[in-house]
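This briefing covers salt bridges and a nonpolar surface patch. The structure comes first, followed by the points grouped by topic.

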Amino acid sequence: MDMTQKIQKKKLILWILIFAWMITIFMFSAQNGDESSELSQGFLRAFILRFTPDNISEDIVNMMEYIIRKCAHMTEYAVFGILIFCQIKLYRLFEKEWNRIVMAVICVMIYASTDEIHQLFVGGRSGRFTDVLIDTAGGFIGIMAAAFIAARHQGKNGGNICIILRLLLLFVP
């Protein structure tokens with residue numbers, strides 16, 4: 001397999017991962033308010049409340065649930081941002097790295113906006129501009145991490161993309 005075929009294969013794999021991740025985000029957003037809350041409360045009970053005092057107040061539990069939900073959003077979009085950035089880098093759309101970062105952030109923000117619009121049509125959910133900002137911040141963190149890793153591992157023929165994807169796959173269930 002020559003280098004052009006390898007790059008084409010990487011592009012195809014990245015597109016598949018991007019669309020699979022977009023579907024994953026869409027499916028989480030399609031959960032009604034009760035299902036979504038149940039998921040985060042299950043995580044809260046399984047991991048967080050196990051290590052806290054039994055007499056913890058309901059307000060603190062609610063605050064912890066809110067933080068967990070927002071961290072989950074940021075994590076979803078950090079992964080999405082990494083995938084988008086890697087694809088932009090692989091296509092060599094821009095010469096300057098900063099332009100690639102900006103384009104990746106714009107892509108993340110557009111998808112985050114459509115995700116919030118989608119939530120307007122799901123029972124018990126709401127679309128919020130603040131959530132677009134939180135999602136975009138998560139994407140930005142992922143993009144910057146990917147850009148940092150890519151800069152530190154300047155490899156031949158997009159080898160740094162492979163390093164980023166290997167690291168990403170460690171965190172994706």
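At 25% relative accessibility, Glu-97 falls in the partly exposed class, because that class lies between the 20% limit for buried and the 50% limit for exposed residues. The model is a predicted one, and a search of the whole structure turns up four salt bridges. Glu-97 takes part in a salt bridge with Lys-89 and in another with Arg-100.

- The side chains of Glu-97 and Arg-100 form a salt bridge with an N to O distance of 2.9 Å.
- Glu-97 and Arg-100 are three residues apart in helix 4, so about one helical turn separates them.
- Arg-100 has a relative accessible area of 10% and is therefore buried, as the cut-off for buried is under 20%.
- Through shared partners, the salt bridges link Lys-89, Glu-97 and Arg-100 into one network.
- In the salt bridge between Glu-97 and Lys-89, the N to O distance is 3.0 Å.
- Lys-89 is also buried, with a relative accessible area of 10%.

- Glu-65 and Arg-69 meet through their side chains in a salt bridge, at 4.0 Å from N to O.
- Both residues belong to helix 3, which covers residues 58–91; they lie four residues apart, so their separation is about one helical turn.
- Glu-65 is buried, since its relative accessible area is 9% and the limit for buried is under 20%.
- Arg-69, at 23% relative accessible area, is partly exposed.

**The nonpolar surface patch**

- Trp-98, Val-102, Ile-106, Ile-110, Phe-140, Ile-141 and Met-144 make up a nonpolar surface patch of about 640 Å².
- Two or more patch residues come from each of helix 4 (97–119) and helix 5 (129–152).
- Helix 4 is the main contributor, giving four residues to the patch.
- Val-102, one of the patch residues, is found in helix 4.
- The relative accessibility of Val-102 is 33%, so Val-102 counts as partly exposed; this value passes the patch cut-off, because patch residues need over 30% relative accessible area.

**Helix 4 in both topics**

- Helix 4 holds the pair Glu-97 and Arg-100, and helix 4 also gives the most residues to the nonpolar patch.

Technical notes
Residues numbered from 1 in each chain as written. Predicted model: local features only at pLDDT ≥ 70, side-chain atom pairs only at ≥ 80, totals over all residues. Heavy atoms only, no water. Patch = residues over 30% accessible without salt bridge, like charges linked within 9 Å, V, L, I, M, F, W, Y side chains within 5 Å. Areas by Shrake-Rupley, 256 points an atom, 1.4 Å probe, with all protein chains shown as cover. Buried < 20%, exposed > 50% of the residue type's maximum accessible area, 1.4 Å probe, protein only.
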